[in-house]
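This report describes the overall fold of a protein chain and the residues around its ligand.

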Amino acid sequence: MSVPQRLVRSYVRRERPFKDNQKTDWERLWALYGISRDAWASAVGAQPAILDIGFGDGEALLGMASRDAEHTYIGVEMYRSGLLKVMRGAERERLSNVRVIEADAKEVVAALAAQSVAGVHLFFPDPWPKARHHKRRLVTESFIEALVRVLRPAGIIHMATDWPDYATQAAGHFAGCTALEPLDQDRNGRPETRFERRGWRLGHVSFDLRYRRTG
Ligand SMILES: C[S@@+](CC[C@H](N)C(=O)[O-])C[C@H]1O[C@@H](n2cnc3c(N)ncnc32)[C@H](O)[C@@H]1O
């Protein structure tokens, strides 16, 4: 029996409940950095925003936000420990250009206004390597179309993966989207991520895919 598309999730939630100190930090920091569901549609303010989808532990997000004060970095994650790490890091590094959303990125992107974001980062989305799980991969034709809707003209999508078949599959989807033109397929200053280093230890190679919205 086929699974209805809306029930196919790109993530699995397996987390321990927070300890008391984590709960206290979460409540305090969420008030500073969190964007709740009723504010998603207006999440992008006057300063151009980059969406970092599935930021994990947030090394890339914090690294890029700390050297690029011209953009607000809006991280979208389902993984609460990662959300808390990023909020703690933003406070530690006194970053005023970081915000986070705890939700499925598909829902968030659907709620954002058209042409509202300057860039999208998709660094090492879960590879779902088994063929029977490929339907769970986040980067599909329809998700790319949803991203293109929210990208400003000249806005950039940057994906990285260390699964060659995911890179090939995604490159095919990007190439099929007439509103995108390819850029140099390099890391363009992208910081290393935890997931990336794990792949390197297994002998993997990273692929960067970058595209610009035309028009
Ligand atoms: C393989 S990890 C990579 C994390 C990080 N970008 C890195 O490179 O270390 C993928 C992350 O994407 C998150 N994720 C998967 N599907 C998501 C979705 N639909 N919305 C938001 N986050 C998602 C997962 O919770 C996980 O933390």
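The text below treats the chain as a whole and then the shell around the ligand.

The model is predicted: local features need pLDDT of at least 70, side-chain atom pairs count only at pLDDT 80 or more, and totals for chains, interfaces and linings use all residues. Residues are numbered from 1 along each chain as its sequence is written.

**Overall fold**

The protein chain contains 7 helices and 7 strands, where helices (H or I, at least four residues) and strands (E, at least two) are DSSP runs numbered from the N terminus. Along the sequence they follow the pattern α-β-α-β-α-β-α-β-α-β-α-β-α-β. The radius of gyration, taken over C-alpha atoms, is 17 Å, close to the 17 Å that the globule rule gives for 215 residues, so the protein chain is as compact as a globular protein of that length. The globule rule is 2.2 Å times the number of residues to the power 0.38. The C-alpha atoms fill a box of roughly 45 × 40 × 35 Å along the principal axes.

A residue is near a molecule if its C-beta atom, placed from the backbone, lies within 6 Å of it. Of the 24 residues around the ligand, G54, G56, F124, T193 and F195 come nearest. Two or more residues each come from β2 (72–77), α4 (105–111) and α7 (194–201); α7 gives the most, with 3 residues. The table divides the shell by class.

| Class | Members counted in the class | Shell residues |
|---|---|---|
| Nonpolar | Ala, Val, Leu, Ile, Met, Phe, Trp, Tyr, Cys, Pro | 12 residues |
| Polar | the others, Gly among them | 5 residues |
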